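Subject: Structure handover

Hello,

Here is the structure we talked about. Please open it alongside this note and follow the residues as you read.

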Amino acid sequence: MATGGDGGGREAACGHDSYRSPLASRYASPEMCFVFSDRYKFRTWRQLWLWLAEAEQTLGLPITDEQIQEMKSNLDNIDFKMAAEEEKQLRHDVMAHVHTFAHCCPKAAGIIHLGATSCYVGDNTDLIILRNAFDLLLPKLARVISRLADFAKERADLPTLGFTHFQPAQLTTVGKRCCLWIQDLCMDLQNLKRVRDDLRFRGVKGTTGTQASFLQLFEGDDQKVEQLDKMVTEKAGFKRAFIITGQTYTRKIDIEVLSVLAGLGASVHKICTDIRLLASLKELEEPFEKQQIGSSAMPYKRNPMRSERCCSLARHLMTLVMDPLQTASVQWFERTLDDSANRRMCLAEAFLTADTILNTLQNISEGLVVYPRVIERRIRQELPFMATENIIMAMVKAGGNRQDCHEKIRVLSHQAAAVVKQEGGDNDLIERIQADAYFSPVHSQLDHLLDPSSFTGRASQQVRRFLEEEVHPLLRPYESVMKVKAELCL
C-alpha cells in the first residue's frame, strides 16, 4: 500500500513455483482481495491525479478540457509491464506510474501530479482503501451477529452447565452463553464503524504538509489552496481532511485501524475456543459436511476445523497491531520511509485476515448443532451437588435441623463423589437421598428441587431483553444484507 520510492517494485512470480500469500490465494474473499490489488491501487492513483487536475482547472490553472478527457479515458488503461520496467530504472513507484500514465496521456503529461508529492496518491489511496475495506467488513460482522442472535433466541431457555475456570459452576442457558459472544462482537461492530467514520483524507498538502507548492501554483492565493484541498476531499467522498500533516498522514491512524481489527480477532478467538471446548464435550458442533474428512488416520473424527482456522488466523490478526505501533513511534519529523515496506504487508494482511475470519465464523454460526441430551446428561451429573443447599432449605422448612441435615448431605455427597471419581460411575446422590428415611419429608419435592430451569435465574429474560434493546437496533442499518450466505473458501 505504501509509496514513495522504497524500491519494492519486483512483480511476484505466478503459478506453483513461487510463494503466494495463503490469505489471497486460499482464504480471503475475492472482493477484499480486489480492494488490496495492484489494479485497484493504481487505478485509484490515476483517479486522484484526475481529481487534482479537475480541481486545479476549476480554480483557474491552465488545464484544458482535452487534457482532462484524455486522463478520464485512460484511468483503466494501465500497462503494468511498462510500470514495472520504469520502477526498475527509477527505483520510485510513484514516478514510474506518472510516466506510465503520461505515456498513454501525452497531451496531459505535463499536468499529471502537478504540485503533488508521492504521498498525495499513496496516502490518500491508502485511506480510500481502508474505508472501502471497512465497508466490506462491517456487513459481514453484522451478519455474524445476526446469525448468532437467531441462535441465542432459539436456545434462550435451554439450561446448560456453566463453567468457571473450566470447572462445573451454576447453570446458565445455551442462549445466554451465546449472548456473551454476541456482546463482544457488538462492541467490535461499534468500534469498526467508529474508526471507519473517523477516517480523514490526507488531502492536498504538498511535500512536508505545508501546501507550499500549491500556494506557488496559485500565486499566493491562500483561499484557492484551501478550496483545492476541500474540492479533492469531497471528490474522494470524505467529509473532512486533516488540517495538519507532515508528508504523510499520522501513522497513529494505522494504530487505530489495526487495534479495532485486533480486538475483533480477540473476540473471535474466544468464541471459537468456546466452540472447540464444547465440541470436545459433545454439547455443540460446528457444521460438518457429508464428505468432510476429520482425520486421515481416524475416520470417526469430527474435528472443529473451522473454529480452529478462526483461532489460528485470529492470533495472526492480533499480533499485527504491533507493526503500526512501532512504525508510528519511529516516524522522524515530517516522515521517514521505513514505514513503507511494513505497511505494504500489515494493513493488507489485517483486512484479508479479518475478512477470512468473518466469512468462516458466519459459516459456523449458520450451522451450529446443539445436542440437548448430552447437555442434559452433564447437568444430571453435576446438578445434585448444586441442589444440596435447596434440599437443606426444604428440610428446614419441613421442621428439620439445619446442621443435622448438612452433615447427612455432606456424608452422602462424599459417597456419591467417590462413585463418580473412583469408580467412574454416575452421580447417585439423589438416589441415596431418596433411600434415606431422614429425607422423607422432601422426597416428593425432589423433582421440583432438581428442575434445571429453576437454576438458570433470569438468563432467559436477559437474552430477550439484550437482543431486543441492544442487538437488533445495532443491526438495523445492515438489514438489506442480512440474507447473504457465507461463501467459505478452502
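Is Asp123 buried or exposed? Asp123 counts as buried, because its relative accessibility is 2% and the cut-off for buried is under 20%. Please keep in mind that this is a predicted model.

**Salt bridges**

The structure holds 27 salt bridges.

Start with Asp123. Asp123 forms a salt bridge with Arg251. The closest N and O atoms are 3.1 Å apart. Asp123 sits in helix H7 (residues 118–154), while Arg251 sits in the loop between helix H10 (222–235) and helix H11 (252–280), so the pair ties together parts that are 128 residues apart in sequence. Arg251 has 4% relative accessibility and counts as buried. The pair also belongs to a network of salt bridges: Asp123, Arg251, Arg335 and Asp339 are linked in it.

Next, Asp197 and Lys193. Their salt bridge has its closest N and O atoms 2.5 Å apart. The two are four residues apart in helix H8 (residues 174–198), so about one helical turn separates them. Asp197 is partly exposed at 38% relative accessibility. Lys193 is partly exposed too, with a relative accessible area of 35%.

Asp426 is partly exposed, with a relative accessible area of 46%. Arg377 counts as partly exposed at 46% relative accessibility.

**H3 against H7**

Helix H7 comes up again here. Helix H3 (residues 38–58) packs with H7 at an angle of about 120 degrees. Their axes are 9 Å apart. H3 passes H7 in a right-handed crossing.

Which residues make the contact? From H3 they are Tyr40, Lys41, Thr44, Trp45, Leu48, Trp49, Trp51 and Leu52. From H7 they are Tyr120, Val121, Gly122, Asn124, Thr125, Ile128, Ile129 and Asn132. By type, the contact of H3 with H7 divides into ten nonpolar residues, five polar and one charged.

**Two buried residues to look at**

Lys140 also lies in helix H7. Is Lys140 buried or exposed? Lys140 counts as buried, because its relative accessibility is 4%. Leaving out residues up to four places away in sequence, Lys140 touches Ser29, Glu31, Asp355, Leu358, Asn359 and Gln362. With Asp355 there is a polar contact, side chain to side chain, at 2.5 Å. Tyr478 is 338 residues from Lys140 along the chain, yet their C-alpha atoms are separated by 9.3 Å.

Ser413 is found in helix H17. Ser413 is buried, with a relative accessible area of 14%. Which residues does Ser413 touch, not counting those up to four places away in sequence? They are Phe385, Thr388 and Leu429. Ser413 and Thr388 are 25 residues apart in sequence, and their C-alpha atoms are 8.8 Å apart in space.

**Backbone points to check**

Two residues have a positive phi. Glu219 is not a glycine, but has a positive phi of about 50 degrees. Glu219 lies in the loop between helix H9 (212–217) and H10. At 75% relative accessibility, Glu219 counts as exposed.

Lys282 is not a glycine either, and its phi is positive at about 65 degrees. Lys282 is found in the loop between H11 and strand S3 (284–285). Lys282 is exposed, with a relative accessible area of 54%.

**In brief**

H7 carries Asp123, which bridges to Arg251 in the loop between H10 and H11. H7 also holds Lys140, and H7 packs with H3. After that, go to Ser413 in helix H17, then to the loops with Glu219 and Lys282.

Best wishes

Notes:
Residues are numbered from 1 along each chain as its sequence is written. This is a predicted model: local features need pLDDT of at least 70, side-chain atom pairs count only at pLDDT 80 or more; totals for chains, interfaces and linings use all residues. Side-chain values use heavy atoms; hydrogens and water are left out. A salt bridge is a side-chain nitrogen of Lys or Arg within 4 Å of a carboxyl oxygen of Asp or Glu. Buried means under 20% relative accessible area, exposed over 50%, partly exposed in between (1.4 Å probe, protein chains only). Axes are lines fitted to C-alpha atoms, for helices over the stretch in contact, and angles run from 0 to 180 degrees between N-to-C directions. A crossing is left-handed if the near helix is turned anticlockwise from the far one by less than a right angle, and right-handed if clockwise. Contact means heavy atoms within 4.5 Å. Ala, Val, Leu, Ile, Met, Phe, Trp, Tyr, Cys and Pro count as nonpolar, Asp, Glu, Lys and Arg as charged, and the others, Gly among them, as polar. A polar contact is a pair of N or O atoms within 3.5 Å; within protein, one must be able to donate a hydrogen and the other to accept it, and residues adjacent in sequence count only if both atoms are side-chain atoms.
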